[in-house]
Amino acid sequence: MTQIERVIGDTLLKVENISLGFGGVQALSNISFDIKEHEIRAIIGPNGAGKTSMLNVINGFYHPQEGAITFKGEVRRTMRPHEAAKQGIARTFQNVALFKGMSTLDNIMTGRNLRMSRNIFWQMLYLGPARREEMEHRHRVEEIIDFLEIQAIRRVPVGKLPYGLQKRVELARALAMEPELLLLDEPMAGMNVEEKEDMCRFILDVNEQFGTTIALIEHDMGVVMDISDRVVVLDYGRKLADGTPDEVRGNQDVIDAYLGVPHDEGEA
Amino acid sequence: MSDSLLYFIEVTIGGLLAGVMYSLVALGFVLIFKASGIFNFAQGVMALFAALTLVGLMEKLGVPAWVAIIMTVGVMILLAWLIERMVLQHLVNQDPIILFMATIGLAYVLEGIGDLMWGSDVKVLNVGLPDGAVDWLYDFNIYVTKLELVAAATAALLVAVLAIFFQKTRIGRALRAVADDHQAALSVGISLRTIWVIVWSVSGIVALVAGIMWGSSSGVQFSLSLIALKALPVLILGGFTSIPGAILGGLIIGVGEKWAEIYLGEYIGYAIENWFAYVLALAFLLIRPQGLFGEKIIERV
């Protein structure tokens, strides 16, 4: 695989000392890391490590009890989800969260929601300006459809699509938002090898062609090591390691977390 | 044509037109249920409240009907905003039953406010809609009032506008998105609060239309809120999430109860009209619980 020449920029997002608990369960303890412009940042860790919780904090679904998030230089404790979307954060979900009754096209069009401005009175009448605006955004959406090669399923209600394609539509919806930071929660889960390769290619293309910064959670270590610039490793809500794929791969704590530590020494 | 056939046609038309009224109330229910999963018990009272406000504004301020209607639309939008601010916002993520209880409370509050502001006596609502029999139909010995035809046409227009709004516009799409998946809707930057205000406003306006039609034909009185109860079987028939279902359900119940009254009355006793809708709903619950157009409930185990 040829390494892509990209310029990694300044820090886009920084999370500092984030702690999040639900009742007695501490989901995240004192997590800090940063994401730089244009990079692909992977978040890995065993099940229940707090990876998805971390994404939920970043896009405002969860509000951490402690810590601060700095996005594009603005510091805040918590963010509301639609504020996060306005700021330029888009995401996909672990268990595909699409609008199942709506067509592929309509699903992707919802991603344009924030970029459309005609108010409710025009909308009600479906007249002139509202209609023209609709057409402009349709055009942009068609480009994304071409980019992700899903022309054939434009009109199909997404509930009827196979899982792999649903994941792709979800990515398309996120891309329609033209985000600066794209959060992908297990974009390749449940896919076969071919679908995984396609998805990898799309992620790299998005990163390269649109310059979108990407943070992704993924379990397939081969994929993670191949496509990410830096990796942060979580385990039981704590940060275990942070660095380039090679650094992380060699880290003893990470190896222990994944393979398990033999207990016999202590018990003997 | 024979007399009995003419009579049948007249009864059927009368039933259809009564059904349109049920449909209008049911439509308001469906809108709110679709977008927020809330069963709005206050929908009928909203129709009453809208009609009371309209009559009140016309009497107290002496403004022409169309001005009063525009002002009432404003009041209904303000009401939607207040409901979101004071009730819904504080009950986000609560069980549907809690939200349902909140709407029962809302129903009584609205009824109380209507009573306090405009008094509890029966009022005549005259916004200048035509009245009296439709002449050319009357020539065939069929008695249909002009008001009923206007109500039917208005309902048809309303449904057409709503259908375009839901299918073709950004806000309509956002409404459907919210109905489908709250979290995903939030993640693409749709504000739930804005959507709720919009959907309650639209529902309020539909309630106003229903209020005008009912009020014009039988006066604005507190029993108006009872028509909400008839909307319940309509919803069970049509499915809680389907706009066409609400319309068709209303028509079926309207016609069905008239037929039952006329043709079954002499065998099983009259006043069937009062309970027919509920028995039909009960039958539907046993045979097809999702209604004619509702989404089939499939539970994964």
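Q: What makes strand β3 and strand β8 of chain A count as a pair?
A: In this predicted model, 4 bridges join β3(A), residues 40–44, to β8(A), residues 213–217. Pairing requires at least two bridges, so the two strands qualify. They run parallel. Ile43(A) stands opposite Ile217(A) of β8(A).

Q: What is the order of the strands in the open sheet of chain A?
A: The order is β6-β7-β8-β3-β9-β10, which gives 6 strands with mixed pairing.

Q: Why is one side of β6(A) and of β10(A) left without a neighbour in the sheet?
A: β6 (89–91) and β10 (238–243) of chain A stand at the edges and have a single partner strand each, so one side of each lacks a neighbour in the sheet. From one strand to the next, the twist averages 20 degrees.

Q: Which strands does helix α10 of chain A touch as it packs on the sheet?
A: Helix α10(A), residues 252–259, touches β9 (230–235) and β10 of chain A. The direction of α10(A) makes about 125 degrees with that of β10(A).

Q: Which residue with a positive phi follows α1(A)?
A: Gly60(A) follows the helix, with a phi near 90 degrees.

Q: Why is chain A called as compact as a globular protein of its length?
A: Chain A contains 11 helices and 10 strands. Its radius of gyration is 20 Å, close to the 18 Å that the globule rule gives for 268 residues, so chain A is as compact as a globular protein of that length. The C-alpha trace spans about 80 × 40 × 35 Å along its principal axes. Of the 268 residues, 41% count as buried.

Q: What share of the contacts in chain A with a separation of 6 or more comes from residues 24 or more positions apart?
A: Such residues account for 68% of those contacts.

Q: How many residues of domain 1 and domain 2 of chain A are in contact?
A: The domain assignment of chain A gives domain 1 as 1–88 + 181–268 and domain 2 as 100–178. Their C-alpha centres lie 28 Å apart. Contact requires C-beta atoms within 7 Å, and 9 residues of domain 1 of chain A are in contact with 9 residues of domain 2 of chain A.

Q: Which element supplies the largest share of the side of domain 1 of chain A that touches domain 2 of chain A?
A: α2 (81–87) and α7 (193–210) of chain A each supply at least two residues of that side. The largest share, 3 residues, comes from α7(A). By class, this side of domain 1 of chain A has 6 nonpolar, 1 polar and 2 charged residues.

Q: How many residues does the contact take from chain B and from chain A?
A: Chain B gives 21 residues and chain A gives 28 residues. On the side of chain B that touches chain A, the elements giving two or more residues are α6 (146–168), α7 (170–180) and α8 (182–187) of chain B. α7(B) gives the most, with 7 residues. By class, that side of chain B has 10 nonpolar, 5 polar and 6 charged residues.

How values were computed
Residues numbered from 1 in each chain as written. Chains lettered and ligands numbered in written order. Predicted model: local features only at pLDDT ≥ 70, side-chain atom pairs only at ≥ 80, totals over all residues. Contact = placed C-beta atoms within 7 Å. Nonpolar A, V, L, I, M, F, W, Y, C, P; charged D, E, K, R; others polar. Axes fitted to C-alpha atoms, helices over the stretch in contact; angles between N-to-C directions. Domains from an automatic or database assignment. Rg over C-alpha atoms; globule rule 2.2 N^0.38 Å. Buried ≥ 20, exposed ≤ 12 C-beta atoms within 10 Å, placed from the backbone.
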